[in-house]
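Have a look at the sequence and the 3D view below, and turn the view around a few times before reading on. We will then walk through it together.

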Amino acid sequence: MNVALNLNDITFPETLSAGVPSAMVSRRPDVRSSELALNIANARVGIAKAQLYPSLTITGQGGLNSFKSSNWFNIPASLFGTVAGGIAQPLLQHKQLRTQYEVAKVDREKTVIQFRQSVLNAVGEVSDALVRLQKLKEQQTIAANRVKTLQQATSNASMLFKNGLATYLEVITAQGNVLQGELELASIKMAQLSANAELYRSLGGGWK
């Protein structure tokens, strides 16, 4: 049995207004790929599994700038993680092995930069989507209040017409204004659906 879904019945998670943890971008294929590359690079130089994502919340209010200013981006790539214990230092005395080790460290620093850039790009997309949703929510509130006001104006015009104090043209005009307002509200609702889909994509498949 098919049930018709009214556009006004569609709701969006209110918790998104509080922001989402930055680590949620790890679900994205591009971020996950760069994280895997970093884990491989870490293993090559004896780096223990590090805390890769900052303990920050992405919000529409804070924007990307607040995320950029976090200490997470200021940690030198060489210190992005801790050296695991038990690395075979005596083996590194061999010139060839030491050279390979130094090359691996340089490659790792490049991988850290690439990982950070992928996280930064992801956070930027999430932040943009949250900003758009926030603005659309404000527009929806304004448009919904406007429709209520116009509906009341239509009711008043109809009452005045029945009492011979208004023309039928005034009633038709008031009804037309309500229709226009409702169309605008529907347009905003559709834009919200699109923005939520974009947020879903930018988070790599959801926010739960």
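What follows is a tour from the whole chain, through its helices and core, to a few single residues.

Keep in mind that this is a predicted model. The chain has 4 helices and 2 strands. Starting at the N terminus, the order of these elements is β-α-β-α-α-α. Of the 208 residues in the chain, 35% are buried. The accessible surface is about 13,000 Å², and carbon and sulfur atoms make up 57% of that area.

Let us begin with helix H1, which runs over residues 29–44. Now look at which side chains are hidden: Val31, Ser34, Glu35, Leu38, Ala41 and Asn42 are buried in H1. Viewed down the helix axis, these buried residues fall within an arc of 120°, so they line one face of H1. On the face of H1 turned away from the buried side you will find the exposed residues Pro29, Arg32, Leu36, Ala43 and Arg44. Just after H1 comes Gly46, with a positive phi of about 70°.

Beyond its neighbours within four places in sequence, Thr111 is in contact with Ser34, Ala37, Leu38 and Ala41. Thr111 has a relative accessibility of 12%, so it counts as buried.

Next, the inside of the model. The largest nonpolar core holds 30 residues, and those touching the most other members are Val25, Tyr53, Ile58, Phe115, Val119, Val126 and Leu199. Helices H1, H3 (95–162) and H4 (168–202) each supply at least two residues of this core. The biggest giver is H3, with 13 residues.

At 1.5 Å a residue, its 35 residues should span 51 Å, and the end C-alpha atoms of H4 are 51 Å apart, which agrees. Ser202 belongs to H4, and with a relative accessible area of 0% it is buried. What does Ser202 touch, apart from residues up to four places away in sequence? Its partners are Arg28, Glu125, Val126 and Ala129. The C-alpha atoms of Ser202 and Arg27 are separated by 9.3 Å, although these residues are 175 residues apart along the chain. Just after H4, Gly204 takes a positive phi of about 80°.

Finally, find the 1 aromatic pair in the structure. The ring centres of Phe161 and Tyr168 are 5.4 Å apart and the ring planes are at 55°, so this pair is tilted. Phe161 is partly exposed, with a relative accessible area of 38%, and Tyr168 is also partly exposed, at 48%.

Methods. Residues numbered from 1 in each chain as written. Heavy atoms only, no water. Core = buried A, V, L, I, M, F, W, Y, C linked by side-chain atoms within 4.5 Å. Buried < 20%, exposed > 50% of the residue type's maximum accessible area, 1.4 Å probe, protein only. Areas by Shrake-Rupley, 256 points an atom, 1.4 Å probe, with all protein chains shown as cover. Contact = heavy atoms within 4.5 Å. Phe/Tyr/Trp six-rings, centres within 6.5 Å; stacked < 30°, edge-to-face > 60°. Arc of directions from axis to C-beta. Expected span 1.5 Å × (residues − 1).
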